[in-house]
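This report describes a structure for a reader who is new to the subject. Please keep the sequence and the three-dimensional view at hand while reading.

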Number of protein chains: 2
Amino acid sequence: MINNIKKTRKTTQGQIIIEELTKTYTHPDATELYEKVKKRLPKVSLSTIYRNLEKLVNEGVILKLDIDGSPARYDSHTHPHYHIKCTNCGKIDDISLKQNIAVDKIIEKKYGYKMVKHNVEFWGICPKCKDKSNDLQKTKQKTEPH
Amino acid sequence: MINNIKKTRKTTQGQIIIEELTKTYTHPDATELYEKVKKRLPKVSLSTIYRNLEKLVNEGVILKLDIDGSPARYDSHTHPHYHIKCTNCGKIDDISLKQNIAVDKIIEKKYGYKMVKHNVEFWGICPKCKDKSNDLQKTKQKTEPH
DNA sequence: TTGCATGCAAAGTTTTTGCATGCAG
DNA sequence: CTGCATGCAAAAACTTTGCATGCAA
């Protein structure tokens with residue numbers, strides 16, 4: 001529908017940006033990735049990071065995770081998967097889950113939309129934070145019995 | 001786990017903000033709501049809108065929709081439902097869908113998170129934009145036959 | 001009276017853009 | 001060569017914060 005064909009050039013910056021993103025499994029945001037790239041290319045600018053990330057997202061090479069209004073995070077794992085964010089420490093983990101295609105069909109029929117994609121986000125307390133909170137409660141129970 | 005108890009005061013601004021949001025079915029962002037409230041309270045400030053919306057979100061009275069990195073949109077319909085965003089015009093519609101609680105349990109077991117909530121977002125082309133695009137294609141077929 | 005909520009202005013945060021220059025094709 | 005990509009700085013877009021004052025309880 002929209003003409004996406006655009007010649008793109010292979011640049012050192014672009015190359016290193018995708019390399020560093022691929023090496024990173026923590027879904028970095030633009031600034032975090034910038035710090036990593038800067039170690040190899042000290043003069044790189046943050047806008048180059050943004051411009052390259054945007055290009056890669058448009059090409060479908062990487063995923064942009066816009067969760068919660070916090071800075072967008074990027075993910076070079078493009079096999080279908082979802083994400084869970086810790087409501088305590090903000091960490092994002094991958095979730096593998098069978099994609100439910102039937103839902104898309106149901107909604108196309110019911111609402112008249114032509115479905116493009118869907119996404120599922122989960123929020124929870126990660127194992128590490130859960131343990132910490134348990135420890136705290138135990139301590140409380142010891143020092144402040146009912 | 002976190003102490004959320006806080007006395008809040010009933011103010012004219014807060015009252016009108018929730019009233020106007022409830023009257024609005026288009027999931028307005030803070031600025032749009034600000035314009036509506038300003039018609040009744042010309043001296044209201046945008047930060048009051050933000051502060052009240054944040055309070056209402058924390059109290060669970062309204063929903064904050066953070067989709068796509070665009071400005072956050074707010075929704076006073078708190079019965080469980082999802083959203084679909086038109087990739088063409090940006091409109092957001094409600095989606096009623098049976099909540100799949102089983103998924104939460106599966107993920108708790110598999111990933112060790114304590115589940116808090118989940119959300120599903122859909123992207124598609126809304127009926128109106130779909131029609132427009134069809135019309136365009138028909139015109140093209142007339143004027144530029146293969 | 002007390003201190004939470006407001007209006008205003010300023011600042012913060014994240015992302016985008018304009019422009020001269022650099023470099024890939 | 002040509003013009004897309006870059007670095008830098010500035011601006012834009014959205015949201016939060018500091019502070020003096022207002023007003024609900």
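## Terms and conventions

A polar contact is a pair of N or O atoms within 3.5 Å; within protein, one of the two must be able to donate a hydrogen and the other to accept it, and residues adjacent in sequence count only if both atoms are side-chain atoms. One example is A:Thr48, which has a polar side-chain atom 2.5 Å from a phosphate oxygen of DNA strand D.

The model is predicted: local features need pLDDT of at least 70, side-chain atom pairs count only at pLDDT 80 or more, and totals for chains, interfaces and linings use all residues. Residues are numbered from 1 along each chain as its sequence is written, chains are lettered from A and ligands numbered from 1 in the order in which they are written, and side-chain values use heavy atoms, with hydrogens and water left out.

## Chain A in outline

Chain A contains five helices and five strands. Here helices (H or I, at least four residues) and strands (E, at least two) are DSSP runs, numbered from the N terminus. Along the sequence, the order of these elements is α-α-α-β-β-β-β-α-β-α.

Chain A has 146 residues, of which 36% count as buried. Buried means under 20% relative accessible area, exposed means over 50%, and partly exposed lies in between, with a 1.4 Å probe and protein chains only. A contact requires heavy atoms within 4.5 Å. Among the contacts in chain A with a separation of 6 or more, 46% join residues 24 or more positions apart.

## Two copies and their axis

Two copies of a chain are related by a rotation about an axis and a shift along it.

## The nonpolar cores

In soluble globular proteins, nonpolar side chains tend to be buried together. A nonpolar core is a set of buried Ala, Val, Leu, Ile, Met, Phe, Trp, Tyr and Cys residues joined through side-chain atoms within 4.5 Å. The largest core has 26 residues, and those with the most contacts inside it are Ile84, Ile107 and Phe122 of chain A and Ile84, Ile107 and Phe122 of chain B. The elements that give two or more residues to this core are β3 (82–86), α4 (101–111) and β5 (114–125) of chain A, together with β3 (82–86), α4 (101–111) and β5 (114–125) of chain B. A second, separate core has 16 residues, including B:Ile16, B:Leu21, B:Val44 and B:Ala72.

Which residues does A:Ile107 contact, leaving aside its neighbours within four places in sequence? They are A:Gly112, A:Met115, B:Ile84, B:Ile95, B:Leu97 and B:Phe122.

B:His83 belongs to strand β3 of chain B. Because its relative accessibility is 4%, B:His83 counts as buried. The side chain of B:His83 makes polar contacts with the side chains of B:Asp75, at 3.0 Å, and B:Asp94, at 3.2 Å.

B:Asp94 is also the bridge partner of B:His83 in β4(B). Strands β3(B) and β4 (residues 92–95) of chain B pair in the antiparallel sense over four bridges; pairing requires that DSSP finds at least two bridges between the strands. Five residues separate β3(B) from β4(B) in this hairpin, and B:Gly90 in the turn has a positive phi of about 85 degrees.

A residue is near a strand if one of its heavy atoms lies within 4 Å of it. DNA strand D is surrounded by 21 residues, and the closest are A:Arg9, A:Thr11, A:Gln13, A:Thr48 and B:Tyr50. Sugar and phosphate make up 65% of the atoms of DNA strand D that come within 4 Å of the protein. A polar side-chain atom of A:Gln13 lies 2.8 Å from a sugar or linking oxygen of DNA strand D.

DNA strand C is likewise surrounded by 21 residues, the closest being A:Tyr50, B:Arg9, B:Thr11, B:Gln13 and B:Thr48. For DNA strand C, a polar side-chain atom of A:Arg9 lies 3.4 Å from a base nitrogen, and a phosphate oxygen is 3.2 Å from an N or O atom in the side chain of B:Asn52.
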